[in-house]
Each structure stands twice: as C-alpha cells, then as structure tokens.
Amino acid sequence: MSERKIRVLIAKPGLDGHDRGAKVVARALRDAGMEVIYTGLRQTPEMIAEAALQEDVDAVGLSILSGAHMALVPRVLELLKANGQEHVKVFLGGIVPDEDVPLLLKMGVIGIYGPGTLSDNYVNDIRKAVVGSHA
Amino acid sequence: MSEMDLASLVLAGDRLALARTLSQVENGTADGMSALNALFAHTGKAHLVGITGASGTGKSSLVNQLAQHYRQPAKQSGPAKRSGTAQAEPERRVAIVAVDPTSPFTGGAILGDRIRMRDLAGDPGVFIRSMATRGSLGGIAAATGAVVQVLDAAGFELILIETVGAGQAEVDIARLAHTTIVVEAPGLGDDIQAIKAGILEIADILVVNKADLPGVENTERALRGSLGLAQPPRPASQSIRRVVHHGQLVASIEPKRASAPPDQAWSPPILRTIALDGTGVAKLAEAIAAHRAYLESTGGWGQRERGRLQTELDLLLQNRLLKDFHSHLEQGEYARALQGVLERRISPFQAVEELVDKHGIGS
C-alpha cells in the first residue's frame with residue numbers, strides 16, 4: 001500500500017502519424033513495475049505539461065519522429081518548470097540526429113533512446129534518475 | 001512542503017499541491033493522512049458519479065463528453081432543453097478519477113483513459129487523475145475513496161469516477177458513488193448476461209453507448225427485460241401516476257421526478273448515447289441531475305453518505321485492529337498457528353479462536 005510507484009507520462013508531441021515506439025516503451029516500463037500514463041498521438045507541449053502536473057509524474061518520455069524535437073523539447077521543459085515541476089525527468093525517443101544529442105542533454109534531458117535501444121537501458125536510467133532525486 | 005501547507009494549498013486551489021496530495025494519499029504516506037485529516041471537514045459537497053461497464057463500451061469517451069457538457073451546459077444542450085431545469089446553470093468544476101488495472105505479475109500499469117479525454121485539455125476547471133488498481137479487485141483502487149475526498153475538498157462539484165473495465169462482480173463503485181452509471185454497448189452478450197447478478201443491479205442509470213451500431217434495440221430490450229424482472233410490479237396508483245406524469249421510460253427521468261413521493265422507488269432509466277459525437281449526453285446529464293434530486297428528496301443522499309462512510313470506518317477499523325492484534329502476538333505465534341492449519345491439525349476457525357482467546361481485545 002505505502003509502496004512508492006514510479007509514475008511516467010509517455011507523450012507524443014507534434015504531428016507524428018504512428019506511436020509504435022511509444023507503445024513499446026510504455027509496455028516495457030509497465031513490465032518494469034511502473035505506472036505509465038499514455039496520452040496518445042498529437043499532443044501539444046501545453047497538454048503534456050498539464051497532464052504531467054495533474055498526474056504528478058516522476059518522469060516524462062517524449063517520442064518524436066518528425067524532426068521537430070529542437071522546438072518541442074525546450075518548450076516542454078520550459079512549461080514543466082513554469083508549473084513547478086523542474087524535478088520531473090525528461091527522456092526522449094524517436095529519431096534524433098547525433099549532432100542534436102549533446103544540445104538536448106545540456107538542456108536537461110536525461111537520455112535519448114533511438115530505435116533498437118534495449119529496454120533495460122531506459123528502464124534503469126529512469127529508475128536511477130527518479131530514485132536518486134528522492135533519496 | 002509540510003502536510004499543513006499541502007492541505008491549505010489544496011483549499012486555496014493550487015493544482016500542483018493538489019496533484020502531490022493525491023499521490024501522498026494514494027501512497028498512504030503519513031503526510032497524505034495528515035492532509036486528509038485536515039481536508040475532511042471540507043468534503044461532502046461534491047456529487048460523486050461512478051461510470052462502470054465492460055472494457056470497450058466507451059466509458060472514457062462518455063466521461064469526456066459528460067465533462068465537456070458540464071463545463072458548457074448552455075452550448076451543449078441548447079436553451080430550449082434547459083428551460084425546465086434551473087435557468088442559467090453555472091459551469092461546474094469537474095474532476096475525473098480514471099482507474100485502470102495493475103498487472104498482477106509486475107505491479108506495473110498502463111493508464112490510458114486520458115487518450116479519450118483530450119478535449120478537456122487546457123480547461124482549468126477540469127482535473128483528471130489516473131489511478132492504477134494496485135491489487136484491488138472491486139473495479140476501483142483501495143485509495144480511490146480517499147483520492148475522491150481530496151478532490152471534493154478542493155472544490156470540484158462533480159466527480160466522475162471511471163472504473164476499470166468491469167464485467168460482473170466489480171461493484172465497489174456503488175458503495176463509493178452517489179449515482180452509478182452502467183455503460184453497455186450492442187453486441188456484448190445475450191439476455192442471460194443481462195439477468196446475472198452483479199453489475200446491472202448497481203445501476204442507477206443504464207446507458208447503451210455506441211447506439212449507432214446495429215443491435216442496439218436488442219441490447220436495450222434485454223436490459224429493459226432484465227430490469228422488468230428485477231422490479232416487482234408497483235401498486236396501481238403509483239404506476240398510473242408514473243404513466244400520467246412521465247409517459248414512456250425515457251420521460252421518467254424528467255426533473256419533475258424529484259417531486260415524486262418519497263416511497264416511490266427509483267427505476268433506472270435506459271438511455272442511448274453515441275459518445276463519439278455527444279448524442280444523448282445532455283439527456284444523460286439530465287438523468288444524473290434527476291437522480292441527485294431524487295436522492296435528496298427521498299433522503300437517499302444521506303443514506304448513501306452514511307453507508308459509504310460506514311464502509312470506510314469499518315475498513316479502517318479492521319486494518320487498525322488487525323495491526324494492533326499482530327503487535328500483541330508473541331514472536332512466531334502467528335506462524336505456528338498457520339503451520340498448524342497447513343498440517344491440518346487445526347482448522348482456520350480453531351486457529352483464530354485460539355489466538356483471540358489468548359490475546360482478545362481488552363484482555
């Protein structure tokens with residue numbers, strides 16, 4: 001009962017046509033014992049930040065295939081912060097060119113997981129980041 | 001944030017504090033319990049509406065439409081329809097608690113009800129919270145009642161509680177909600193399903209959603225038949241009065257029903273909706289209002305409150321007594337009793353008798 005579950009919001013900002021990857025990640029996090037809130041396709045950064053607030057999540061995973069990550073990710077980070085949720089860990093999946101990776105990490109993204117990533121990688125990273133910040 | 005801060009921030013309308021309080025309460029932490037203690041005096045105002053039914057009948061979509069309706073009553077139902085009810089109905093703040101199942105194997109969960117509720121995004125008068133069952137089997141989580149209390153204290157006038165996809169036995173929602181809506185859809189089983197005990201019995205309002213699909217008449221007929229079997233025929237005077245006042249079944253949910261004599265039983269209306277485009281949602285909202293008026297005029301509201309709080313007290317008392325009892329036992333005593341039962345030396349009843357005789361309450 002009093003066990004603390006890790007809560008993760010998986011969201012797809014922008015106009016991507018499918019959410020296969022997001023569902024794979026959601027499923028893997030579920031199997032790792034986390035509570036995953038999935039909100040479906042075509043979310044705005046505002047919708048994502050609002051859901052993250054209402055659900056009091058520990059982490060937000062953004063799946064972006066469209067190439068708009070350099071616009072969408074900073075906006076989500078900014079809104080989380082504006083809502084008082086700077087403690088929320090943000091990670092990224094989808095298609096991100098190598099040269100953008102250091103920039104995104106610098107903004108505060110905890111990890112970027114492209115196609116082919118083993119689920120253990122992000123599961124462990126999220127757990128470490130979330131548990132670390134609560135210790 | 002200290003717990004006193006949390007409670008007063010919740011009362012002041014701080015959404016982040018509300019979200020965090022809900023987590024604390026859900027996790028059963030000491031902070032959560034103190035916040036609940038401070039908030040409890042502010043509860044008891046909200047109308048708690050449960051929405052249950054099998055997976056895929058459209059509960060989340062219906063909740064989405066209902067919440068939208070409550071946010072913009074005038075726009076959704078048109079001025080003509082509202083003339084009979086309280087005029088200039090104010091917008092109401094709506095909270096939604098959406099429950100999805102926890103995996104029994106990993107303890108994880110996918111909470112996907114928000115997918116159908118995207119129309120509500122950006123409305124500060126709506127607050128949606130997803131919950132996992134965390135092992136409870138009754139269709140809602142053990143902490144759902146406490147979460148609802150926090151939302152009630154936070155000033156949400158209407159709280160929609162969506163259960164997990166529920167089939168026959170997940171009836172806890174009826175103990176929590178004032179008004180329980182059971183959602184069905186065409187093509188989900190024959191009329192024997194409709195007369196089995198359980199979920200249909202708890203319905204205050206029955207909804208046949210996806211009413212644009214073929215088979216809607218059959219579903220409706222099966223439900224009506226089942227309700228007809230369930231409810232003994234009323235005295236003639238009453239049934240005549242019903243016909244005169246209300247005519248057909250759908251009409252029997254008109255708000256004037258509220259002025260019905262207190263001895264008249266509520267008969268659950270059967271309504272058709274199409275949650276995708278909102279057809280029938282205004283009628284459903286009227287039925288919900290009528291049920292509330294009925295409960296208030298017959299004293300049923302107070303009865304349900306009493307029943308609900310009594311269930312909660314009993315549960316807390318059980319947990320507390322069990323915990324205290326365990327703390328009285330000597331090291332290994334419980335394990336020895338269990339071993340005795342395992343080896344069939346004593347029955348479970350004997351084991352309990354022996355333990356309680358030795359350490360009974362007050363001894």
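Analyst: A residue is called buried if 20 or more other C-beta atoms lie within 10 Å of its own, exposed if 12 or fewer, and partly exposed in between, with C-beta atoms placed from the backbone. This is a predicted model, in which local features need pLDDT of at least 70 and side-chain atom pairs count only at pLDDT 80 or more, while totals for chains, interfaces and linings use all residues. Residues are numbered from 1 along each chain as its sequence is written, and chains are lettered from A and ligands numbered from 1 in the order in which they are written. Helices (H or I, at least four residues) and strands (E, at least two) are DSSP runs, numbered from the N terminus.

The sheet of chain B is open and has 7 strands in the order S4-S2-S5-S1-S6-S7-S8, with parallel pairing. Two strands pair if DSSP finds at least two bridges between them. S4 and strand S8 (270–272) of chain B each have a single partner strand and stand at the edges, so one side of each is left without a neighbour in the sheet. On average, neighbouring strands are turned by 20 degrees against each other, direction ignored. Axes here are lines fitted to C-alpha atoms, for helices over the stretch in contact, and angles run from 0 to 180 degrees between N-to-C directions.

Strand S2 (residues 94–100) of chain B runs parallel to S4(B) and is joined to it by 7 bridges. Within this pairing, Ala95(B) has Phe127(B) in S4(B) as its bridge partner.

Elsewhere in the sheet, strand S6 (residues 179–184) and strand S7 (residues 205–208) of chain B pair in the parallel sense over 4 bridges. Glu184(B) has Val208(B) in S7(B) as its bridge partner. Helix H12 (residues 281–298) of chain B lies across strand S1 (47–53), S6, S7 and S8 of chain B and runs at about 170 degrees to S7(B).

Helix H7 (residues 144–153) of chain B is mostly covered, with 10 of its 10 residues buried. Among them are Thr144(B), Gln149(B) and Asp152(B). Just after H7(B), Gly155(B) takes a positive phi of about 95 degrees.

S4(B) also belongs to the side of chain B that touches chain A. There, 28 residues of chain B are in contact with 26 residues of chain A, where contact requires C-beta atoms, placed from the backbone, to lie within 7 Å. Helix H2 (15–26), strand S3 (109–111) and strand S4 (126–132) of chain B each give two or more residues to this side, and H2(B) provides the largest share, 6 residues. The side divides into 12 nonpolar, 11 polar and 5 charged residues. Ala, Val, Leu, Ile, Met, Phe, Trp, Tyr, Cys and Pro count as nonpolar, Asp, Glu, Lys and Arg as charged, and the others, Gly among them, as polar. Strand S2 (residues 35–38) of chain A pairs with S3(B) in the parallel sense over 3 bridges, and Val36(A) stands opposite Ile110(B).

Notes. Contact = placed C-beta atoms within 7 Å.
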